[in-house]
Amino acid sequence: DEVHVAVYVWAVLELVQELAAGKMVCKEEEEYFMGLHLRRLVKLLLGEAKFWRPPKGVERPQFHAIVLEITDLVLKEMQKRDGNARTWLAGVLEVLLQRDAYAYRLGRDERHKKSSGFKRGSLQELLDKELLELLPAEERGVGLRYCSVTAFAERLQEKPNMRVDITCISLYYFRNVHHFASVGGVHFLVEALSATLGGDRDLIAMADILSPLYILLTCDAMVRAYVEDLFQPLAEKFFAVLLERTADPMSKDESAAFKDIARMVQMVMQQYLDIPTIERRVERFNLNVSLHGFGSEALPKNLNSLTIMKKKIRRAQLKPDDKGHFWNRVVGGAREEPRERKPEEKPLDPTLLLDWMKENRVVERLFRPTSHPELIRQGIDIPLFLAQQGALSRQHLDMLWDTAVGKHESVRNVIYSCLGKLLYDLTRADVDYLYDKVEKTLRDSRPDEEDVKLMFNYSRIAIPRANGQHWYGLDWLLERTFDDAESAKVSALAA
């Protein structure tokens with residue numbers, strides 16, 4: 001009943017006051033209270049239990065004033081502590097800043113429910129005016145700088161499927177959030193995160209401190225420009241640290257924290273960026289992950305990097321209207337239904353992948369004279385993709401050919417096969433350039449059967465493209481046929 005609710009509210013406040021004043025019996029009692037009970041007590045205070053009813057009438061402002069005082073005390077205590085204590089108190093702040101707490105849904109004034117007589121614009125202006133009157137006098141001078149009903153209304157317009165309106169949240173929630181930002185609560189959380197990002201980079205502690213900030217910045221009531229100015233630099237730091245941590249093994253708890261951080265960062269970014277922009281940033285992050293093992297001496301790491309890149313290439317080759325599952329789109333694969341249906345692959349913007357490959361010199365790092373044959377075989381999709389996009393340069397062609405010269409036939413087979421496929425997408429000028437390079441090399445050496453097959457395929461593919469203006473390789477094959485110095489096998493194959 002209401003009497004018990006009032007007693008409970010004052011009891012929680014008194015316990016928090018004792019904690020802040022250092023009046024608890026001992027350190028063990030403080031840790032016991034913070035670690036096991038405080039979060040649960042606050043959740044009950046804000047209405048976790050279904051039977052809970054908010055105070056009514058004149059008691060309501062007093063109730064929310066107590067909630068505000070508890071929030072201030074918890075913030076101040078968190079600023080004084082570190083380690084586990086700071087993590088526990090961050091969990092309490094997360095509860096206090098929840099927009100959907102029962103108290104904030106049922107604690108609004110009756111007149112806010114009667115919104116049918118107002119136009120949307122006039123109602124939000126009225127509510128913002130009332131919100132301003134609820135703020136402490138010292139906060140009114142800067143206006144609704146951090147959050148407002150108008151900002152909430154703008155977010156709702158971007159989410160037409162949400163079945164809520166601007167009167168669904170108590171003005172006391174807006175007041176409490178604005179006050180928390182005004183007294184430096186948001187900046188403290190940002191500074192605490194920055195210190196963790198620049199220090200030991202503990203993923204679990206990072207996720208715990210980020211959680212209340214995430215709850216606050218995604219409540220849909222924060223002013224967009226404020227969120228962007230505050231979080232954009234922090235988001236880039238998160239991407240840098242998460243990228244660095246992917247190079248090392250993670251425990252189960254660290255892996256879970258990693259995923260939570262990535263999810264929360266992206267959700268906050270949605271408050272000021274559109275979805276395609278965020279997806280591009282995430283794709284670049286995932287591509288950068290593939291560079292960790294690329295170029296190392298360990299072949300498995302290099303192959304793992306190539307596997308990630310090849311998956312991105314397949315996605316970049318999809319069209320937006322492609323249907324079916326990735327399993328059924330593998331080149332040369334059987335079109336049979338997999339045992340478990342896999343989610344459809346989303347097409348990737350080829351421009352993003354091309355720019356990333358150029359920036360990170362992927363071809364230059366892959367096709368080197370010392371590259372492992374298996375690495376060349378696995379990575380041949382990369383120059384093929386560049387050629388399809390018109391982004392394969394003559395420098396790349398030089399590297400491809402130089403990788404094959406003087407190598408074992410297993411390596412040359414791979415490169416020669418790639419060159420044949422490239423001819424379909426190269427410009428006529430590049431086809432001529434490559435042929436001159438190939439023909440000069442083969443004339444200065446003793447060709448074998450693989451070289452003859454290369455020239456045959458070059459002629460077969462390139463001659464139709466030249467409309468009879470160039471007889472790529474035919475004269476070379478003719479010479480090999482009647483050259484007594486060649487082996488019988490080479491001459492017969494050339495013929």
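This is a predicted model: local features need pLDDT of at least 70, side-chain atom pairs count only at pLDDT 80 or more; totals for chains, interfaces and linings use all residues.
## Helices α21 and α23

The handedness of the crossing of α21 and α23 is right-handed.

On the α21 side the contact is made by Pro383, Leu384 and Ala387, while α23 brings Cys418, Lys421 and Leu422 to the contact. Sorted by class, the residues of the contact of α21 with α23 comprise five nonpolar and one charged, with no polar residue.

## Helices α2 and α4

Helix α2 (residues 27–45) and helix α4 (residues 83–96) have axes that come within 9 Å and cross at roughly 5°, which makes α2 roughly parallel to α4.

The contact draws on Glu31, Met34, Gly35, Leu38, Arg39, Val42 and Lys43 of α2, and these residues meet Ala85, Trp88, Leu89, Gly91, Val92, Glu94, Val95 and Leu96 of α4. In terms of residue class, nine nonpolar residues take part in the contact of α2 with α4, together with two polar and four charged ones.

## Helices α24 and α25

Helix α24 (residues 428–443) packs with helix α25 (residues 449–466) at an angle of about 155°, and the axes of the two helices lie 12 Å apart. Since angles over 145 degrees count as roughly antiparallel, this angle makes α24 roughly antiparallel to α25. The crossing in which α24 passes α25 is left-handed.

From α24, the contact takes in Arg428, Val431, Leu434, Tyr435, Val438, Glu439 and Leu442, and from α25 the residues that take part are Asp451, Leu454, Met455, Tyr458, Ala462, Arg465 and Ala466. The contact of α24 with α25 divides into ten nonpolar and four charged residues, and no polar residue is found in this contact.

Rolling a probe the size of a water molecule over the atoms shows where empty space is left. The structure holds one cavity of 30 Å³ or more, and the volume of the largest cavity is about 30 Å³.

The lining of the largest cavity is made up of Val67, Thr71, Leu96, Leu97, Tyr104, Asn176 and Val177. Two elements, α3 (59–80) and α10 (171–182), each give two or more residues to this lining. By class, the lining residues of the largest cavity are five nonpolar and two polar, with no charged residue among them. Leu96, which is part of this lining, also belongs to the α4 side of the contact between α2 and α4.

How values were computed: Residues are numbered from 1 along each chain as its sequence is written. Side-chain values use heavy atoms; hydrogens and water are left out. A crossing is left-handed if the near helix is turned anticlockwise from the far one by less than a right angle, and right-handed if clockwise. Helices (H or I, at least four residues) and strands (E, at least two) are DSSP runs, numbered from the N terminus. Contact means heavy atoms within 4.5 Å. Ala, Val, Leu, Ile, Met, Phe, Trp, Tyr, Cys and Pro count as nonpolar, Asp, Glu, Lys and Arg as charged, and the others, Gly among them, as polar. On a 1 Å grid over the protein atoms alone, a cavity is a set of points where a 1.4 Å probe fits but cannot get out, and a pocket is an open set with protein on both sides within 12 Å along at least five of seven lines; lining residues have an atom within 4 Å of a point. Grid points are joined across faces, edges and corners, and a volume is the space filled by probe spheres set on the points. Axes are lines fitted to C-alpha atoms, for helices over the stretch in contact, and angles run from 0 to 180 degrees between N-to-C directions. Angles under 35 degrees count as roughly parallel, over 145 as roughly antiparallel, 65 to 115 as roughly perpendicular and the rest as oblique.
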